[in-house]
Amino acid sequence: MQKVTCDTLAAKACELLENGTVDRVLGWKNGEFVYDVTPALFTTTDDIKSEFVFNDFCGANFSKYLIEETRKTESKVLVFLKPCDTYSFNQLLTEHRFDREKVYAVGIPCEGMADITKVKAAAGDGITAIKAEGENLVISTLYDEDKAVACADVLAERCMVCKSKKHVAYDELLGEDGDVIDSNRFDEVEKLEAMTEDERFAFWQNELSRCIRCNACRDVCPACTCEKCVFDNPESSVANKAISDSFEEKMFHIIRAFHVAGRCTDCGECSRVCPQNIPLHLLNRKFIKDINSFYGEYQAGAEAGSRAPLVDYTTEDIEPTDAVLKGASDNA
Amino acid sequence: MRKCSIQNLDAVFSKIAEEAKLYIPQDSEKGTDYKEWTEGAVLSNALNTNRSPKDFFFPQTENLMEFKTSGKEIEIIDNRDEMEDFVVFGVRACDVKSFEILDRVFLVEPYDSYYANRREHGVIISMACTRPVETCFCQTFDIDAANPEGDIVCHKTENDIFFNAVTEKGNALMAKLEGVTEDADSSEVDAQIEKTHEIMKKLPLANLTADKFGADKTNEFFDAPEWKELSQSCLGCGTCTFVCPTCQCYDIKDYNTGHGVIRFRCWDSCMYSDFTKMAHGNSRNSQLERFRQRFMHKLVYYPTNNDGLFSCVGCGRCLAKCPISMNIVKVMKTLGGKDNE
Amino acid sequence: MQINGEFQPKIVAFCCNWCSYAGADLAGNNRLAYPENVKIIKVPCSCRVNPMFILRAFQRGADGVILCGCHPGDCHYTSGNYYTRRRMALLFSMLNYLGIEKERTRVEWVSAAEGAKFAQTMNEFTEAVAALGENKRLEDLRCKK
Amino acid sequence: MNNREETLIPKIGVITDVRIDTPDVKTFRVVTPDGKKAFEHRPGQCAMLSIPGVGEAMFSITSSPTNAEFMEFSIKKCGCVTEWLHQAEVGQQITIRGPYGNPFPVDDAFKGQDLLFIAGGIGLAPLRSVINYCRHYRENYGKIDIVYGSRSKDDLVDYDEIINEWVKDDGIDVHLTIDNEQEGWDGHVGFVPNYVKELGFDTNKTVIICGPPIMIKFTLQGLIEMGYDKTQVYTTMELRMKCGIGKCGRCNIGSKYVCKDGPVFRCDELEELPDEY
């Protein structure tokens, strides 16, 4: 259950539209079944009143939309940012991907978003309604009695290991700011590191072989902002539309994660959107964990203007051979 | 009509597997997918598999031919491998219908022999739905989830599975299953169909109609102002196209292996920015145009070329998988007007 | 690759133009033997090596990939190899995370004066890769003959 | 059924002649390895040419179907396949499949008509096969006018054939123009659309246009002003294609596939299609 209500956000959006601070609002639009919320651009208060929504299924990170949005006009756009979204926001600012002056950012607290797959698993097929009641979601289905499921039990993976309830960028904050959390988000990575090479290979083979190369992970990623991706560029010699050999799937995912290494804020959008449920965040988090362990703690997006580890160095950096050992045996 | 008890289903599977490769939907932590049947494999009850069964006839990638080159000379090698018999068990009504939609593309002159061969070698055993979910809207396209098409049609009741062979291929396979099935009457199945029909009436999308769309409606919808709003948050990824059982666009690409060139075909997506890109321009430059193309194709262009048949079967995969939850239902409701609510 | 029933690994060595390639030259001039399995690709700087080059080498049949550059502090372009060091540390750690044997990848700093070190490095690396056998985990089956 | 007949599998073609037409256009003569034509075609149809490892692309067949010995393709250098072809020497093998698309209605709608061909730049390539077809069956057609323009004299494709054959034919008037004044050029100077208006043709002709989209647009406007009806005007289209047989899904304009329902369209048919080309 979110502490900040849909009405509060909608009122704020209407207020800012009406007083001319912004002329459009990036927000969530209600769908068919409560959980299929779509990112949308609102330009009138009427639309906001009838279609704006904020609930436990508003996971989409709007930061990336700002790139295109701020190119359209000279006026300001209102964007609602959950704590984790603010890290992406900062990272994009660091990379000069949008004009800060054209954005009015409203930070909103987040209690964690629900994962619809988990909801379906807990409540059964044919969901017809989901209502937030206290700490529970009450779910109505076509086939069973209404069921109350604790929000905590259906949290998205990324929210279970939330790294921060603190907003690192905003013009205005709704509700109270939280703190950076000492999360255990590297546990899964450590589990893999503790496995043997063979086991790790088998694990990733199983995961990555399901990839259908829909590019959703890349297209949703707020760190993937190249105007033309190497994988779309026929001149790059790696452009490939489909997985035509098991090598290709590894190539794509290694390079995708590498290209955002040091810039990935661990927002978890890649795993959220994967239609094949591949835990892509485990690749990104490995890079984050290694960067922390090799070069000192670094959180992309925590500070606008900070220098990403891969465009930086010290003369005393760890040697690659030692790094591989450290990366694998740190916790073994 | 024949039947076997659910406990004895393995005997049926094992018998089929003697004849040909058998694929059945199987559950895993990551959802349901068709996998080859092996001893002990458990049939999933899920409605949708992650990937649609179009893979069986139109795989995501397939090698079309190979070239060997030496000097100025080229040799073409046809080393296709789509001649193996196989059986797909448990295909839902929507997905069965998708084969007809693909047939109308690949099996019209000049027909696609890769697809045709696979189609010829594959037997489809369908499975009636009994528990449709909120994302199902096959009824919109006059598909009966409770009574699918297929070579053999199956109905699963509490204790038994009923088999009804309807095509020549189906009958031939059914004949081989005589020893593991017994004669049955259809009363239990009929009752179940009726029950499912009752449930279908209660589905949230039960009243969705496609009546506003169809053949020759291009000019009505092409310039609709709604496309802008509908497409504005589209990421331009290929999820909807790749999980869709009826999307059939493809790309033909060459791959240099170092000792030859493989020419392969792979799925492509009209949502991709380079789909229509040529050396000197692109006929669909914006995501709006690409988004419009996909839905116009399903709802207008395809029906125009195919006697009004829509190129959507209402399986609901795109509803479940789209990263931004934009999908054909929202498009139909937005463009189709208020009376489609 | 099997020669006379014995596995002969294919090794790709990316060598920077200024130090390591000269080191390889020196090894040759001094008649220091290193395995003929090693195929050298000259690059302007170790930092020119895109992670994709490494993966491509494996795809095209390499059993091991080694990257050689100037010693840290000696880069012809001042700092190229410092970036290389970070990139390869992360890439190789990632490859190992995916289950690719860690002995298949290596970075070594070889100066123009270190002909002997070049030969020794190549001998050791080839031996280590030979012990692992064929690269099966990053191979592209289409490229196999 | 184990059918191995497959339209996507091409035939081998051999380049037996390469003619340099302009600085960026070459004309390639192609036959099968045993010296025959790869297949028969109708005027205006296309073929898929490819070089393994480089790619496949659709080209209009520039030679006339009446040529029993070989096919010709006039190809402008603009992408990776064409660049590769421009480096090819005589004897090089390529692959070829086709014919694809619908032809110009040379044996029905065009029959007995006065024809006006209007082309710009490489746009002459697809029309050349029609022009030569009509020259071959001269008695079936009325007067033929050809308006052809290019950037400069050097950019006129098939200049030799135009000067040595076409202008010498009875009942054919060739009107050449170039965009800018040039030494050694005493012909007309100016853009094609204006030249067509200056020439002021009778409005009883059937018009066949091909060229850059902007040229087609203004020429068509001019023709309408002159009193032409869109049903009298034919053109040929080009969009990205992969299969050539209406299945890969990218060359459609509305419900029409350029590779299958086109590339030849009558302008009134084209107008009914959504504006997406």
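**Entry 1. Helix α3 of chain A.** I note at the outset that the model is a predicted one. The buried residues of α3(A), which runs over residues 65-72, are Tyr65(A), Leu66(A), Glu69(A) and Thr70(A). Viewed down the axis of α3(A), they fall within an arc of 115°, so they line one face of the helix. I then checked the face turned away from that buried side and found the exposed residues Glu68(A) and Arg71(A) there. For the background I recorded that an α-helix has 3.6 residues a turn, so residues three or four places apart point the same way.

**Entry 2. Gly124 of chain A.** I located Gly124(A) in the loop between α5 (116-123) and β5 (127-133) of chain A. Is Gly124(A) buried, exposed or partly exposed? I classed Gly124(A) as partly exposed because 17 C-beta neighbours lie inside 10 Å. Leaving out residues up to four places away in sequence, I found that Gly124(A) touches Thr141(A), Tyr143(A) and Asp144(A). I also took the distance from Gly124(A) to Thr314(A): they are 190 residues apart in sequence and 54 Å apart in space, C-alpha to C-alpha.

**Entry 3. Helix α5 of chain D.** I compared the length of α5(D), residues 213-226, with expectation: at 1.5 Å a residue, its 14 residues should span 20 Å, and the end C-alpha atoms are 20 Å apart, which agrees. I listed Met215(D), Ile216(D), Thr219(D), Leu220(D) and Leu223(D) as the buried residues of α5(D). They cover an arc of only 125° around the axis, which puts them on the same side of α5(D). I found Ile214(D), Lys217(D), Gln221(D) and Glu225(D) exposed on the face turned away from the buried side of α5(D). The partners against which the buried residues of α5(D) pack are β7 (115-120), α4 (192-199), β11 (206-210), β12 (233-236) and α6 (267-272) of chain D. Just after α5(D), I noted a positive phi of about 110° at Gly227(D).

**Entry 4. Chain D and the other chains.** I found 37 residues of chain D in contact with 42 residues of chain B. On the chain D side, the elements giving two or more residues are β4 (55-60) and β6 (93-100) of chain D. I recorded the classes on this side of chain D as 14 nonpolar, 14 polar and nine charged residues. How far apart are the closest C-alpha atoms of chain A and chain D? They lie 10 Å apart, and no contact joins chain A and chain D. I found no contact between chain C and chain D either, with their closest C-alpha atoms 14 Å apart.

Terms used
Residues are numbered from 1 along each chain as its sequence is written. Chains are lettered from A and ligands numbered from 1 in the order in which they are written. This is a predicted model: local features need pLDDT of at least 70, side-chain atom pairs count only at pLDDT 80 or more; totals for chains, interfaces and linings use all residues. Helices (H or I, at least four residues) and strands (E, at least two) are DSSP runs, numbered from the N terminus. The expected span of a helix is 1.5 Å times one less than its number of residues. A residue is buried if 20 or more other C-beta atoms lie within 10 Å of its own, exposed if 12 or fewer, and partly exposed in between; C-beta atoms are placed from the backbone. The arc is that of the directions from the helix axis to the C-beta atoms. Two residues are in contact if their C-beta atoms, placed from the backbone, lie within 7 Å. Ala, Val, Leu, Ile, Met, Phe, Trp, Tyr, Cys and Pro count as nonpolar, Asp, Glu, Lys and Arg as charged, and the others, Gly among them, as polar.
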